[in-house]
Amino acid sequence: MIDAGPPVYAGPPVPDPDEARSRVFDELSKAEYDDSPGFVQWLLGVIERWLTDLFDSVDGTSTVQVGLAIALMAVLLVVVVLVLRRTGLVRRSHTLAVAPGLDADPVLSAHDLREQARTALNAGRFDDGTVLALRALVRDLEVRTLLDVTSGMTAHEAAARAAAPYPDLRGRLLRGADAFDTAAYSHRPATAKAADDLLRLAEYIAESAPDLSTADDVAAENSTHEDSTRNEVGA
(Lines give C-alpha, C1' and ligand atoms only; values in the text may rest on other atoms or scores of the structure.)
Protein backbone atom coordinates (compact mmCIF):
# COMPACT_ATOMS: atom_id res chain seq x y z
CA MET A 1 0.00 0.00 0.00
CA ILE A 2 1.37 3.38 -0.98
CA ASP A 3 1.55 5.94 1.78
CA ALA A 4 0.23 9.21 0.32
CA GLY A 5 1.61 11.19 3.24
CA PRO A 6 -0.22 13.75 5.35
CA PRO A 7 -3.22 15.38 3.71
CA VAL A 8 -2.68 18.85 2.18
CA TYR A 9 -5.47 21.29 2.89
CA ALA A 10 -6.03 24.04 0.37
CA GLY A 11 -6.26 27.51 1.80
CA PRO A 12 -8.68 30.18 0.64
CA PRO A 13 -8.39 30.98 -3.05
CA VAL A 14 -5.77 33.60 -3.92
CA PRO A 15 -7.32 36.54 -5.82
CA ASP A 16 -6.07 37.19 -9.32
CA PRO A 17 -4.17 40.44 -10.14
CA ASP A 18 -7.26 42.24 -11.49
CA GLU A 19 -9.25 41.45 -8.37
CA ALA A 20 -6.33 42.55 -6.17
CA ARG A 21 -6.12 45.91 -7.94
CA SER A 22 -9.88 46.33 -7.67
CA ARG A 23 -9.84 45.69 -3.93
CA VAL A 24 -7.05 48.18 -3.33
CA PHE A 25 -8.70 50.94 -5.40
CA ASP A 26 -12.07 50.29 -3.71
CA GLU A 27 -10.42 50.69 -0.34
CA LEU A 28 -8.54 53.84 -1.37
CA SER A 29 -11.69 55.45 -2.76
CA LYS A 30 -13.32 55.66 0.67
CA ALA A 31 -13.87 59.24 1.85
CA GLU A 32 -12.12 58.76 5.16
CA TYR A 33 -8.77 58.36 3.42
CA ASP A 34 -6.91 61.42 2.19
CA ASP A 35 -3.33 62.67 1.84
CA SER A 36 -3.12 63.90 5.42
CA PRO A 37 0.11 63.32 7.41
CA GLY A 38 -1.28 59.97 8.64
CA PHE A 39 -1.89 58.66 5.15
CA VAL A 40 1.48 56.96 4.84
CA GLN A 41 1.05 55.15 8.15
CA TRP A 42 -2.41 53.99 7.08
CA LEU A 43 -1.14 52.82 3.70
CA LEU A 44 1.69 50.86 5.29
CA GLY A 45 -0.87 49.22 7.56
CA VAL A 46 -2.97 48.22 4.56
CA ILE A 47 0.09 46.72 2.87
CA GLU A 48 1.01 44.80 6.01
CA ARG A 49 -2.50 43.35 6.37
CA TRP A 50 -2.64 42.40 2.70
CA LEU A 51 0.72 40.66 2.85
CA THR A 52 -0.20 38.84 6.04
CA ASP A 53 -3.49 37.59 4.55
CA LEU A 54 -1.72 36.68 1.34
CA PHE A 55 0.98 34.56 2.94
CA ASP A 56 -1.47 32.95 5.35
CA SER A 57 -3.48 31.75 2.35
CA VAL A 58 -0.49 30.39 0.42
CA ASP A 59 0.31 26.70 0.60
CA GLY A 60 4.10 26.52 0.53
CA THR A 61 4.02 23.17 -1.27
CA SER A 62 2.27 24.65 -4.28
CA THR A 63 4.53 26.26 -6.87
CA VAL A 64 1.51 27.81 -8.56
CA GLN A 65 0.33 29.53 -5.40
CA VAL A 66 3.82 30.81 -4.64
CA GLY A 67 4.02 32.23 -8.15
CA LEU A 68 0.62 33.88 -7.75
CA ALA A 69 1.68 35.35 -4.43
CA ILE A 70 4.78 36.91 -5.98
CA ALA A 71 2.73 38.28 -8.89
CA LEU A 72 0.15 39.79 -6.53
CA MET A 73 2.89 41.38 -4.43
CA ALA A 74 4.28 43.01 -7.57
CA VAL A 75 0.81 44.27 -8.53
CA LEU A 76 0.27 45.64 -5.03
CA LEU A 77 3.59 47.47 -5.07
CA VAL A 78 2.74 49.06 -8.44
CA VAL A 79 -0.63 50.20 -7.10
CA VAL A 80 1.01 51.67 -3.99
CA VAL A 81 3.52 53.64 -6.06
CA LEU A 82 0.76 54.96 -8.33
CA VAL A 83 -1.33 56.03 -5.35
CA LEU A 84 1.59 57.77 -3.67
CA ARG A 85 2.50 59.56 -6.88
CA ARG A 86 -1.12 60.62 -7.39
CA THR A 87 -1.26 62.11 -3.89
CA GLY A 88 2.14 63.76 -4.38
CA LEU A 89 3.82 61.94 -1.51
CA VAL A 90 6.61 60.58 -3.71
CA ARG A 91 6.83 63.54 -6.04
CA ARG A 92 10.37 64.88 -5.96
CA SER A 93 9.22 68.46 -6.53
CA HIS A 94 7.75 68.61 -2.99
CA THR A 95 11.21 69.94 -2.06
CA LEU A 96 10.53 73.05 -4.15
CA ALA A 97 10.29 75.92 -1.67
CA VAL A 98 8.88 78.50 -4.08
CA ALA A 99 5.66 78.67 -6.08
CA PRO A 100 6.20 77.37 -9.64
CA GLY A 101 3.67 79.69 -11.30
CA LEU A 102 5.17 82.33 -13.58
CA ASP A 103 2.65 84.87 -12.32
CA ALA A 104 3.23 84.14 -8.62
CA ASP A 105 4.17 86.86 -6.09
CA PRO A 106 3.15 89.86 -8.21
CA VAL A 107 4.44 92.28 -5.57
CA LEU A 108 8.04 91.20 -6.14
CA SER A 109 10.07 93.08 -8.71
CA ALA A 110 12.30 91.42 -11.28
CA HIS A 111 15.31 92.65 -9.30
CA ASP A 112 13.96 91.07 -6.10
CA LEU A 113 13.36 87.77 -7.88
CA ARG A 114 16.88 87.77 -9.34
CA GLU A 115 18.30 88.42 -5.87
CA GLN A 116 16.27 85.54 -4.46
CA ALA A 117 17.43 83.32 -7.31
CA ARG A 118 21.07 84.18 -6.61
CA THR A 119 20.59 83.48 -2.90
CA ALA A 120 19.04 80.10 -3.70
CA LEU A 121 21.90 79.18 -6.04
CA ASN A 122 24.51 80.15 -3.47
CA ALA A 123 22.71 77.93 -0.95
CA GLY A 124 22.73 75.00 -3.37
CA ARG A 125 18.94 75.11 -3.95
CA PHE A 126 19.18 74.86 -7.73
CA ASP A 127 15.52 73.98 -8.28
CA ASP A 128 14.38 77.12 -6.44
CA GLY A 129 17.03 79.20 -8.20
CA THR A 130 15.92 77.99 -11.63
CA VAL A 131 12.25 78.74 -10.98
CA LEU A 132 13.01 82.16 -9.54
CA ALA A 133 15.34 83.04 -12.40
CA LEU A 134 12.70 82.42 -15.05
CA ARG A 135 10.08 84.22 -13.03
CA ALA A 136 12.48 87.18 -12.79
CA LEU A 137 12.97 87.15 -16.55
CA VAL A 138 9.24 87.00 -17.18
CA ARG A 139 8.49 89.73 -14.62
CA ASP A 140 11.08 92.01 -16.22
CA LEU A 141 9.58 91.61 -19.69
CA GLU A 142 6.07 92.06 -18.30
CA VAL A 143 6.93 95.35 -16.60
CA ARG A 144 8.57 96.58 -19.81
CA THR A 145 5.37 95.62 -21.70
CA LEU A 146 7.35 93.19 -23.84
CA LEU A 147 5.41 90.18 -22.62
CA ASP A 148 1.76 89.76 -21.74
CA VAL A 149 1.69 87.25 -18.88
CA THR A 150 -1.52 85.27 -18.54
CA SER A 151 -2.64 82.98 -15.76
CA GLY A 152 -1.46 79.43 -16.36
CA MET A 153 1.12 80.44 -18.97
CA THR A 154 3.70 77.71 -19.43
CA ALA A 155 7.43 78.25 -19.43
CA HIS A 156 7.70 77.34 -23.11
CA GLU A 157 4.90 79.73 -24.05
CA ALA A 158 6.70 82.51 -22.19
CA ALA A 159 10.02 81.62 -23.82
CA ALA A 160 8.51 81.58 -27.31
CA ARG A 161 6.90 84.98 -26.80
CA ALA A 162 10.02 86.42 -25.20
CA ALA A 163 11.91 85.44 -28.34
CA ALA A 164 9.94 88.09 -30.24
CA PRO A 165 11.86 91.06 -28.82
CA TYR A 166 15.02 88.94 -28.36
CA PRO A 167 15.18 86.68 -31.44
CA ASP A 168 18.90 85.99 -31.07
CA LEU A 169 18.26 84.51 -27.63
CA ARG A 170 15.55 82.10 -28.71
CA GLY A 171 17.66 78.98 -28.17
CA ARG A 172 18.77 80.07 -24.70
CA LEU A 173 15.21 81.00 -23.78
CA LEU A 174 13.89 77.59 -24.78
CA ARG A 175 16.68 75.85 -22.87
CA GLY A 176 15.73 77.98 -19.88
CA ALA A 177 12.13 76.82 -20.23
CA ASP A 178 13.35 73.20 -20.27
CA ALA A 179 15.34 73.85 -17.09
CA PHE A 180 12.29 75.43 -15.44
CA ASP A 181 10.11 72.42 -16.24
CA THR A 182 12.77 70.09 -14.87
CA ALA A 183 13.04 72.07 -11.64
CA ALA A 184 9.33 72.59 -11.10
CA TYR A 185 7.74 69.38 -12.34
CA SER A 186 10.29 66.66 -13.05
CA HIS A 187 11.62 63.97 -10.74
CA ARG A 188 15.11 65.02 -11.83
CA PRO A 189 16.81 67.95 -10.05
CA ALA A 190 17.94 71.01 -11.94
CA THR A 191 21.68 71.26 -12.42
CA ALA A 192 23.81 74.07 -11.06
CA LYS A 193 24.86 75.03 -14.60
CA ALA A 194 21.29 75.19 -15.90
CA ALA A 195 20.23 77.34 -12.97
CA ASP A 196 23.21 79.68 -13.32
CA ASP A 197 22.78 79.96 -17.10
CA LEU A 198 19.13 80.92 -16.70
CA LEU A 199 19.90 83.53 -14.06
CA ARG A 200 22.66 85.02 -16.25
CA LEU A 201 20.18 85.11 -19.12
CA ALA A 202 17.67 86.96 -16.94
CA GLU A 203 20.35 89.47 -15.94
CA TYR A 204 21.48 89.94 -19.54
CA ILE A 205 17.96 90.56 -20.83
CA ALA A 206 17.29 93.03 -18.02
CA GLU A 207 20.22 95.13 -19.24
CA SER A 208 19.65 94.69 -22.98
CA ALA A 209 17.47 96.65 -25.37
CA PRO A 210 14.91 94.60 -27.29
CA ASP A 211 14.97 94.19 -31.04
CA LEU A 212 11.54 95.45 -32.02
CA SER A 213 12.17 95.35 -35.76
CA THR A 214 11.16 91.70 -36.01
CA ALA A 215 9.08 91.44 -32.84
CA ASP A 216 5.74 91.69 -34.63
CA ASP A 217 6.66 89.02 -37.18
CA VAL A 218 7.91 86.61 -34.50
CA ALA A 219 4.88 87.24 -32.32
CA ALA A 220 2.55 86.53 -35.25
CA GLU A 221 4.46 83.33 -36.04
CA ASN A 222 4.22 82.18 -32.42
CA SER A 223 0.51 82.98 -32.33
CA THR A 224 -0.09 81.00 -35.53
CA HIS A 225 1.89 78.04 -34.17
CA GLU A 226 -0.06 78.07 -30.90
CA ASP A 227 -3.40 78.24 -32.73
CA SER A 228 -2.34 75.34 -34.95
CA THR A 229 -1.31 73.31 -31.92
CA ARG A 230 -4.64 73.96 -30.20
CA ASN A 231 -6.54 72.93 -33.35
CA GLU A 232 -4.56 69.70 -33.61
CA VAL A 233 -5.22 68.89 -29.96
CA GLY A 234 -8.90 69.70 -30.40
CA ALA A 235 -9.07 67.46 -33.46
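Before the first pair, a reminder to myself: axes are lines fitted to C-alpha atoms, for helices over the stretch in contact, and angles run from 0 to 180 degrees between N-to-C directions. I also keep in mind that this is a predicted model.

**Entry 1: H4 and H8**

I looked up helix H4 (residues 110-122) against helix H8 (residues 192-206): their axes come within 11 Å and cross at roughly 155°. Angles over 145 degrees count as roughly antiparallel, so H4 is roughly antiparallel to H8. The crossing of this pair, H4 and H8, is left-handed.

From H4 I get Arg114, Ala117, Arg118 and Leu121, and they meet Ala195, Asp196, Leu199, Ala202, Glu203 and Ala206 in H8. Sorted by class, the contact of H4 with H8 has six nonpolar and four charged residues, with no polar ones.

**Entry 2: H6 and H7**

Which angle do H6 and H7 make? I find about 165° for H6 and helix H7 (residues 170-185), with the axes 9 Å apart. That makes H6 roughly antiparallel to H7. I noted the handedness too: H6 passes H7 in a right-handed crossing.

On the H6 side I list Ala155, His156, Ala159, Ala160 and Ala162. They meet Arg170, Leu173, Leu174, Ala177, Asp178, Phe180 and Asp181 in H7. The class count for the contact of H6 with H7 is eight nonpolar, one polar and three charged residues.

**Entry 3: H5 and H7**

I stayed on H7 and turned to its packing with H5, where the angle is about 135° and the axes are 9 Å apart. That makes H5 oblique to H7. H5 and H7 have a left-handed crossing.

For the contact I wrote down Asp127, Thr130, Val131, Leu134 and Leu137 of H5, and Leu173, Ala179, Phe180, Ala183 and Ala184 of H7. By class, the residues of the contact of H5 with H7 divide into eight nonpolar, one polar and one charged.

**Entry 4: a cavity**

How many cavities of 30 Å³ or more does a search of the whole structure find? I get two. I looked into the second largest cavity, which has a volume of about 30 Å³.

What lines this cavity? I have Leu134, Leu137, Val138, Leu141, Leu147, Ala158, Ala159, Ala162 and Leu173. The elements that give two or more residues to this lining are helix H5 (126-143) and helix H6 (155-162). H5 supplies the largest share, four residues. By class, the lining of the second largest cavity has nine nonpolar residues, no polar and no charged.

Key:
Residues are numbered from 1 along each chain as its sequence is written. This is a predicted model: local features need pLDDT of at least 70, side-chain atom pairs count only at pLDDT 80 or more; totals for chains, interfaces and linings use all residues. Side-chain values use heavy atoms; hydrogens and water are left out. On a 1 Å grid over the protein atoms alone, a cavity is a set of points where a 1.4 Å probe fits but cannot get out, and a pocket is an open set with protein on both sides within 12 Å along at least five of seven lines; lining residues have an atom within 4 Å of a point. Grid points are joined across faces, edges and corners, and a volume is the space filled by probe spheres set on the points. Ala, Val, Leu, Ile, Met, Phe, Trp, Tyr, Cys and Pro count as nonpolar, Asp, Glu, Lys and Arg as charged, and the others, Gly among them, as polar. Angles under 35 degrees count as roughly parallel, over 145 as roughly antiparallel, 65 to 115 as roughly perpendicular and the rest as oblique. A crossing is left-handed if the near helix is turned anticlockwise from the far one by less than a right angle, and right-handed if clockwise. Contact means heavy atoms within 4.5 Å.
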